[in-house]
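Colleague: Could you walk me through reading this structure?

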Amino acid sequence: MVACEERSRMILCNSEIVDCLKRGAFKIDGLPSLDPSKLPFNTSAVDLRLSKELVVPKDVMGPLDLTKKIRGGIAAHWKQNSIQHTLTEERPYTLKKDQFVLGNTIEMVDFPMHDDGTCYAARVEGKSSLARCGLLVHFTAPTIHTGFNGSITLEIINLGPSEILLKPGMSICQLIIEEVKGKPVLAPNQFRGQTDVVGNLDLEGR
């Protein structure tokens with residue numbers, strides 16, 4: 001029998017992810033299949049796809065003092081200082097070298113805080129095939145906390161030598177899911193109900 005302390009550090013395999021989805025432990029809406037032996041599942045992760053919405057910062061956004069509360073929050077700052085692009089297969093976005101943009105996933109996730117039973121959290125990780133081309137898809141914010149629901153914002157940057165085409169529906173990242181030890185308490189900085197790229201970002205939380 002695996003000790004609780006050790007078990008709490010384990011990640012879910014593909015069949016366990018599907019089992020949790022079927023019994024409603026958490027949700028990943030928009031998956032094309034629930035067959036753990038086929039895409040979008042890997043042995044211990046599930047691939048997520050890039051949505052058609054992309055937010056591109058303007059050339060000059062002005063300096064940000066991240067030690068102070070930004071008026072209206074980071075979401076308002078982005079909406080005032082960025083351009084939104086709608087991707088299509090015929091009109092992908094060309095991500096230039098060293099360029100930074102925000103995207104989000106087609107799939108909507110929900111990791112509820114259960115009063116009884118196990119809670120779950122997740123981490124967004126890049127895909128090695130993209131990383132080897134220099135595409136970074138989550139920058140430094142990989143954690144999807146218990147209590148989060150909505151689409152996942154992706155902080156995307158091209159660190160490679162070549163321009164990269166971003167197309168809607170491309171496999172952009174993978175989600176690794178873990179059990180949470182104990183019963184979490186809702187924190188005031190918790191993101192909930194995020195439905196667009198910028199969402200309700202502020203200086204705390206993910």
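Colleague: What is the mean pLDDT of the protein?

Modeller: pLDDT is the predictor's confidence in each residue, from 0 to 100. Here the mean is 86, and 85% of residues reach 70 or more. Residues 1-8 stay under 50, and residues 202-206 are also below 50. Where pLDDT is low, the predicted coordinates should not be read in detail.

Colleague: How many residues has the largest nonpolar core?

Modeller: Such a core is a set of buried (under 20% relative accessible area, 1.4 Å probe, protein chains only) Ala, Val, Leu, Ile, Met, Phe, Trp, Tyr and Cys residues joined through side-chain atoms within 4.5 Å. The largest has 39 residues, and Phe26 and Ile177 are among those with the most contacts inside it. Strand E3 (45-57) gives the most, with 5 residues; strands (at least two residues) and helices (H or I, at least four) are DSSP runs numbered from the N terminus. Another core, of 8 residues including Trp78, lies apart.

Colleague: Is Asn14 buried or exposed?

Modeller: Asn14, in helix H2 (residues 14-22), is buried, with a relative accessible area of 17%. Beyond four places in sequence, Asn14 contacts (heavy atoms within 4.5 Å) residues including Pro36 and Phe41.

Methods:
Residues numbered from 1 in each chain as written. Predicted model: local features only at pLDDT ≥ 70, side-chain atom pairs only at ≥ 80, totals over all residues. Heavy atoms only, no water. Buried < 20%, exposed > 50% of the residue type's maximum accessible area, 1.4 Å probe, protein only.
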